[in-house]
Amino acid sequence: MTQLEEARKGNITEEMKTVANRENVSEEFILNSIIDGTIVIPKNVNHDIKATGIGKGLKTKVNATVGTSTDIVDFDEEVLKAQVAVDAGADCLMELSIGGDLDDIRRRVLAMSPLPVGSVPIYQAAIESIRKNGSVIYLEEDDMFKTIEKQAKDGIDFMAIHCSVNVETLKRLKTQGRECGLVSRGGSFISSWMVENKLENPLYKNFDYILDIAKEYDVVLSLANAMRAGAIADSTDRAQVQELIVLGELVDRARAADVQTMIEGPGHIPINEIPANVTIQKKLCRNVPFYMLGPLVCDIAPGYDHIVSAIGAAESAKAGADFICYVTPAEHLALPSPEDVKEGVISTRIGAYAGDMAKGIHNGEKDLAMAKARKALDWQAQYDVAIAPDVAQAKRANRPPSDDDACTMCGDYCAIKIVNSWLDKADDDVFNTF
């Protein structure tokens, strides 16, 4: 049975117990939140991993994507990047390969990952049609569902399904106009198939079939936001909102079928629109977890988009988003390297942590520990509490100080060292002599 079925029967599963323990909340809170749909546990029955919870009242989770391109097909590097993401503290992975043997690389990532792994099945279905028939427009409807079932059987824990791209949504996109158009790869595959075949999206039309597959393997459906903006100028427009209305209706159908769901959110969005987007999504989609793609709060920083995204992640987590997809320094430029992956995970974790502090998920206990360590000039204690201790230690070691107590920024004139040497040692009575 699915986690949702078990919860509705009042049964606290081992996965619920694991999540409660990791999040320091009660098992009853997890059970009731799964019933309400505000928390999901992405764990396929065929994937042996430690359960992770995503949703309201839990720490904001960070997702890292890996996968080959048509230009660079190096399976060993993609597995390495997945391991780098795990080591850097990612909470989930997504395997998004579009080059090489797509079954092989997905299964390799699933085999090595201790984290939930997601996928976008339409990628494989479309690419295999292109390889076989020369175009995505010749993709057989049944092959879309066979791919979903194959990936579910392999152990994929959550799937981005582009089922909300329907005729009405495409009309909104076409009639309003956009500066950057449609930037979702899955959305481009589905919409081109629909236009050329003059047919409704099979993933929308036959959504019940997808629900049957998801229920059998307890796959969380990450209902994809194909109409997300790829430019600030296109944010929060009619096409995006129209798709969100459809997504809310699909959430109702999924929950009626005992299938866990979350909703994917916008990619490029100005910082002032983030709270409104979270509110609208939560309202229309029954408060299911919100999976934000970045988001990127400006368009002008290629090479530094991980920083742009960290800003968006902080504001999103603060506003109530539950799950953040990282962005790397290579975004919009190239396939990420292992170092890009590390930078992306860490920067997004920082943003999520800052947002969680603002919404009270934690009270800054680690920050207090850092403050005490800095006051004591205890460098090891600072490394121990740092989000990236190896980076912090390497920075200091690269320009070592002559005085082990200080650093080369202030050297002999370290304010903390100076104050420690006189103010903290002064007798209270000394102030009566002024």
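The protein, shown here as a predicted model, contains 19 helices and 10 strands. Its radius of gyration is 24 Å, close to the 22 Å that the globule rule gives for 434 residues, so the protein is as compact as a globular protein of that length.

**Overall form**

- The C-alpha trace spans about 90 × 50 × 40 Å along the principal axes of the protein.
- Of the 434 residues, 53% count as buried.
- Among contacts with a separation of 6 or more, 73% are accounted for by residues 24 or more positions apart.

**Surface and charges**

- The accessible surface of the protein comes to about 19,400 Å², and carbon and sulfur atoms account for 52% of that surface.

**Cysteines**

- A disulfide is a covalent bond between the sulfur atoms of two cysteines.
- The structure holds 0 disulfides.
- C92 is in no disulfide, and the nearest cysteine sulfur, that of C325, is 10 Å away.
- C92 counts as buried because its relative accessibility is 0%, and the cut-off for buried is under 20%.
- C414 is likewise in no disulfide, and the nearest cysteine sulfur belongs to C410, 5.8 Å away.

**Backbone features**

- The peptide bond from G294 to P295 is cis, with omega near -20°.
- P295 is found in the loop between strand 9 (290-293) and helix 14 (305-319).
- D258 has a positive phi of about 65°, although this residue is not a glycine.
- The loop that holds D258 lies between helix 12 (238-256) and strand 8 (261-264).
- With a relative accessible area of 15%, D258 is buried.
- L377, also a residue other than glycine, has a positive phi near 55°.
- The place of L377 is in the loop between helix 16 (365-375) and helix 17 (379-385).
- L377 has a relative accessible area of 14% and is therefore buried.

Notes: Residues are numbered from 1 along each chain as its sequence is written. This is a predicted model: local features need pLDDT of at least 70, side-chain atom pairs count only at pLDDT 80 or more; totals for chains, interfaces and linings use all residues. Side-chain values use heavy atoms; hydrogens and water are left out. A disulfide is a pair of cysteine sulfur atoms within 2.5 Å. Buried means under 20% relative accessible area, exposed over 50%, partly exposed in between (1.4 Å probe, protein chains only). Helices (H or I, at least four residues) and strands (E, at least two) are DSSP runs, numbered from the N terminus. The radius of gyration is taken over C-alpha atoms; the globule rule is 2.2 Å times the number of residues to the power 0.38. Contact means heavy atoms within 4.5 Å. Accessible areas come from the Shrake-Rupley method with a 1.4 Å probe; for residues, only the protein chains shown count as cover.
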